[in-house]
Amino acid sequence: MKENQINVYTDGSSRGNPGPGGYGAILIWGKFKKELSQGYRLTTNNRMELMAVIAALEALKKNDLELIIYSDSNYVVKAVMQGWLSKWIKTDFKGGIKNRDLWMKYFELQKKHTIHFKWVKGHADNKFNNRCDELATQAADGKHLIIDEGYESQA
């Protein structure tokens, strides 16, 4: 692993879609590991998948890092890797594309780093993805749920 490379594992969860939700993220840099999670009172699974990535990026204190983000969300991975996000931005999210607020937040954050996405199979044998799933579901089931302003303002 390169000195400035961080491995990031993410997952999102929603109890109902929409419903209470949460995200989990793990950042690994050499021997250091940081876990992040948060629960929301009303949101969607796709928003939580994307929020996990955003939370991980917001937790970084340095710029110009190389990140490999592992996600079991085809929505997130394909939107970035297959150019969907670029198209959505060029068309100003026409056609009812959802989660503009989060996609634009991600778009601004990703400019600070070199990011590669890798899709992983959910609920399989990746211990870090499984741990992110635990963090996300625990956050969704928790008592300290916050408001997903972007979702609730449009719901």
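This is a predicted model: local features need pLDDT of at least 70, side-chain atom pairs count only at pLDDT 80 or more; totals for chains, interfaces and linings use all residues.
Local features need pLDDT of at least 70, side-chain atom pairs count only at pLDDT 80 or more, totals for chains, interfaces and linings use all residues, and side-chain values use heavy atoms, with hydrogens and water left out.

A salt bridge here is a side-chain nitrogen of Lys or Arg within 4 Å of a carboxyl oxygen of Asp or Glu. The whole structure holds eight of them.

**Stop one.** Select glutamate 152 and arginine 41. Their closest N and O atoms are 2.7 Å apart. Glutamate 152 sits in helix H6 (residues 149–152) and arginine 41 in strand S3 (residues 32–43), so the pair ties together parts 111 residues apart in sequence. Helices (H or I, at least four residues) and strands (E, at least two) are DSSP runs, numbered from the N terminus. Glutamate 152 is partly exposed at 22% relative accessibility. Arginine 41 is partly exposed too, at 44%. Buried means under 20% relative accessible area, exposed over 50%, and partly exposed in between (1.4 Å probe, protein chains only).

**Stop two.** Now select arginine 47 and aspartate 101. Their salt bridge spans 2.9 Å, N to O. Arginine 47 belongs to helix H1 (residues 45–59) and aspartate 101 to helix H4 (residues 100–110), so this pair links parts 54 residues apart in sequence. Arginine 47 is buried, at 2%. Aspartate 101 is partly exposed, at 30%.

**Stop three.** Pick lysine 111 and glutamate 108. They meet at 3.1 Å, N to O. Glutamate 108 is partly exposed, at 43%.

**Last stop.** Which residues form a network of salt bridges? Select Glu35, Arg131 and Glu134: they are linked in one.

Notes
Residues are numbered from 1 along each chain as its sequence is written.
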